[in-house]
Amino acid sequence: HARYMAVRPIARARVRTLRILILVAGLFCAPGAALAQQHAAQEHMATGRAAFERGAFDRAIESWSIAAIASEQAGDRAGQIQALVYASEAYAVLGRYRQAVGVLDRALKLAEGSEERAHVPWILSRLGNVLIATGPADAAEITLRRALDMAREGGDTALTAAELNDLGNFL
């Protein structure tokens, strides 16, 4: 029984790797691949949410990372950005702030360089909150103020209120 338990994590890692390879290969296999990728992305988004709610944060990161790949392959930039932001939240919960910042930077670049610019204030808000935990303090404040300015310009009252609250807590 002990030998079986030691092999289980290795088998899981191989299954995860195989899933990712199948997902990536799916792009090249069939004319309906984009639709299949979009469906796979939606399934992995739901799996990630369920894992996050159960406290299985590593599993949530894995699911959302796969969802980001599938969304990219399906040409769904908004879905890709959303999956990356969700993964960053799981990284932050685990205290893996460097990874959270890296994923948020990637999402920010995707949003700024596309028609998905409406996501920028939301991403900046998340990034500012992660920077509060990691520092430097001036970078966190600048990021939160930029998110606040963009939320105000866009008329997003909910995000404006959230940013005012975040800044108030920070300062």
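These notebook entries record what I looked up in a predicted model.

**Conventions.** I worked from a predicted model in which local features need pLDDT of at least 70 and side-chain atom pairs count only at pLDDT 80 or more, while totals for chains, interfaces and linings use all residues. I numbered residues from 1 along each chain as its sequence is written, and the side-chain values use heavy atoms, with hydrogens and water left out.

**Entry 1: overall make-up.** I looked up the secondary structure and found eight helices and zero strands; helices (H or I, at least four residues) and strands (E, at least two) are DSSP runs numbered from the N terminus. The order of elements from the N terminus is α-α-α-α-α-α-α-α. Of the 171 residues in the protein, 38% are buried; buried is under 20% relative accessible area, exposed over 50% and partly exposed in between, with a 1.4 Å probe and protein chains only. I then turned to contacts, defined as heavy atoms within 4.5 Å. Among contacts between residues at least 6 apart in sequence, 52% join residues at least 24 apart.

Entry 2: I listed the contacts of Ile123, leaving aside neighbours within four places in sequence: Ile81, Val85, Leu104, Ala107, Leu108 and Ala111.

**Entry 3: H4 against H5.** I noted that the axes of H4 and H5 come within 8 Å and cross at roughly 165 degrees; axes are lines fitted to C-alpha atoms, for helices over the stretch in contact, and angles run from 0 to 180 degrees between N-to-C directions. H4 and H5 are therefore roughly antiparallel, since angles under 35 degrees count as roughly parallel, over 145 as roughly antiparallel, 65 to 115 as roughly perpendicular and the rest as oblique. The crossing of H4 and H5 is left-handed, that is, the near helix is turned anticlockwise from the far one by less than a right angle. The residues of this contact comprise twelve nonpolar, three polar and two charged; Ala, Val, Leu, Ile, Met, Phe, Trp, Tyr, Cys and Pro count as nonpolar, Asp, Glu, Lys and Arg as charged, and the others, Gly among them, as polar.

I then checked Ser88, which is found in H4. Ser88 counts as buried because its relative accessible area is 1%. Not counting residues up to four places away in sequence, Ser88 touches Ala100, Val103 and Leu104.

**Entry 4: H5 against H6.** The axes of H5 and H6 are 10 Å apart, at an angle of about 160 degrees. This pair is therefore roughly antiparallel as well, and H5 and H6 also make a left-handed crossing. The residues of their contact divide into 14 nonpolar, one polar and three charged.

**Entry 5: Ala151.** I looked up Ala151 in H7. Ala151 counts as buried because its relative accessibility is 1%. Its contacts, not counting residues up to four places away in sequence, are Pro121, Asp156, Leu159 and Thr160. I also recorded a C-alpha separation of 9.3 Å between Ala151 and Ala118, which lie 33 residues apart along the chain.
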